[in-house]
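Reader: I've got a fold to look through and would like to talk it over, one question at a time. Can you put it up?

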Amino acid sequence: MPLRRFSEWTTLPAMIEHLYAHIPFCPKVCPYCSFYKEAGDRNKTRAFLDAMLAEAEKYASVLQPRTIFFGGGTPSALSTPQLEFLLGGLRERIDFPRVTEWTLEMNPATVSLEKARALVGLGVNRISMGVQSWDDGLLQTLGRVHSAAQAGRSYRILRDAGCANVNLDLIFGIPGQTTEQWRASLERTIALDPDHISAYCLTYEEDTDFFLRLQRGEMRPDEERDAALFELTMDVLGEAGYAQYEISNYARAGRECRHNLAYWTAADYVGLGPSAFSTVGESRWKNVSDTADYVRRVNAAEDTADFRETVDPRIRRAEQLAFALRTSEGIADVGQWSGEIQNLRAAGYLEPRGDGWVLTRAGKLVADAIAETFV
Ligand SMILES: C[S@@+](CC[C@H](N)C(=O)[O-])C[C@H]1O[C@@H](n2cnc3c(N)ncnc32)[C@H](O)[C@@H]1O
Ligand code: SF4
């Protein structure tokens, strides 16, 4: 039976310019992470890769990506031949000439020179590596599979292999983390001169081991400390020349992640793989969060999504504002929310910029709460 084509379940749109692919495997599952992933039955990986390529083919007629993002999970958990099969297969199935940014997420434990060289050869031109911390004790708290030294070696390997655009992910607000430890992690990161730094505050996500430990009272978030660490992040990275172009993201000039900017400016995108979201016009859907079921559905030519909705235009607009407000571009056309905007300005959380509005420093500290006033 032929696969159903995209056009059968939506009348939208002409061309989609942003593609996400979710690789649901990890070397080891981290106790704080709620992204869909599994330790992975390596005997079934080939079936998964075939399914993802078949899903990509389904969208071939409406995809002309400008950005591609391979996330997870941990795409680098795939072996070099598997990555060559998948990425090479994707190149054969969809239009590639317009791709300007192709990111792939890596865990420091799964970086090798051979793999990094192969990725560069296949056209991947941006690597995002999860370092999280340069402190071995805190890496242990996070249940990470690598040491700080290994992350340093992996970074060098990426550069030696010719990866010209590298992001490093860091996490702050880790239980037991001191201000000095966080400052040291920021400084050690800056010393490596990555092109981009993502600095996330640890969140206690449902369905994670950390969340259970929080509920049992074994862990206690410290909001005041987290706010101080966030302020320190803005200061230290700002002084080092990294522009905060989104609440958690800092980049050298011209190194902003174009794929994530597309999300934040509400562009259409299609997601491949289990648990991947897609948003096209007012249609939104999410693939089933189960690799075996995903593979089965693709092979049976069934809908891979187990959730679909038509988003009310007002809600979509509110979401757009909430996302855009987190960026340094801010928002311009505030439509029906002018009352909320004035209240936020009066509270000192927004300031005018050009013909729009951006968050003040005080506003950045409560960005999540501000987003909720719109949605
Ligand atoms: C999907 S992971 C990809 C990177 C790769 N799997 C790794 O961990 O090295 C993307 C990033 O999300 C961040 N992250 C995941 N769970 C988080 C949480 N609960 N709180 C804050 N950041 C989190 C981490 O910084 C991680 O590097
Ligand atoms: S943080 Fe990365 S390596 Fe850890 S479980 Fe999440 S996706 Fe996997």
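Reader: Which elements do the buried residues of α5 pack against?
Author: This is a predicted model, so local features need pLDDT of at least 70, side-chain atom pairs count only at pLDDT 80 or more, and totals for chains, interfaces and linings use all residues. Residues are numbered from 1 along each chain as its sequence is written, chains are lettered from A and ligands numbered from 1 in the order written, and side-chain values use heavy atoms, with hydrogens and water left out. Helices (H or I, at least four residues) and strands (E, at least two) are DSSP runs numbered from the N terminus, and contact means heavy atoms within 4.5 Å. The partners of the buried α5 residues are β3 (101-106), α3 (113-122), β4 (126-132), α4 (136-141), β5 (166-172) and α6 (179-192).

Reader: And which residues of α5 are buried?
Author: Buried means under 20% relative accessible area, exposed over 50% and partly exposed in between (1.4 Å probe, protein chains only). For α5, the buried set is Ala148, Ala151, Gly152, Ser154, Tyr155, Leu158 and Arg159.

Reader: Within what arc do those buried residues fall, seen down the axis of α5?
Author: An α-helix has 3.6 residues a turn, so residues three or four places apart point the same way. The arc is that of the directions from the helix axis to the C-beta atoms. On the other side of α5, Arg153 and Asp160 are exposed. The buried residues line one face of the helix, because they fall within an arc of 165°.

Reader: How far apart are the end C-alpha atoms of α5?
Author: The expected span of a helix is 1.5 Å times one less than its number of residues. With 13 residues (148-160), α5 should span 18 Å, and the model agrees, with its end C-alpha atoms at 19 Å.

Reader: On to the rings: how many residues apart in sequence are the parts that Tyr20 and Phe69 tie together?
Author: Rings of Phe, Tyr and Trp (its six-membered ring) pair if their centres lie within 6.5 Å; planes under 30 degrees apart count as stacked, over 60 as edge-to-face and the rest as tilted. Tyr20 and Phe69 are stacked, at 6.2 Å centre to centre and 25° between the planes. Tyr20 is buried at 13% relative accessibility, and Phe69 is buried at 8%. Tyr20 lies in strand β1 (residues 16-23) and Phe69 in strand β2 (residues 63-72), so the pair ties together parts that are apart by 49 residues.
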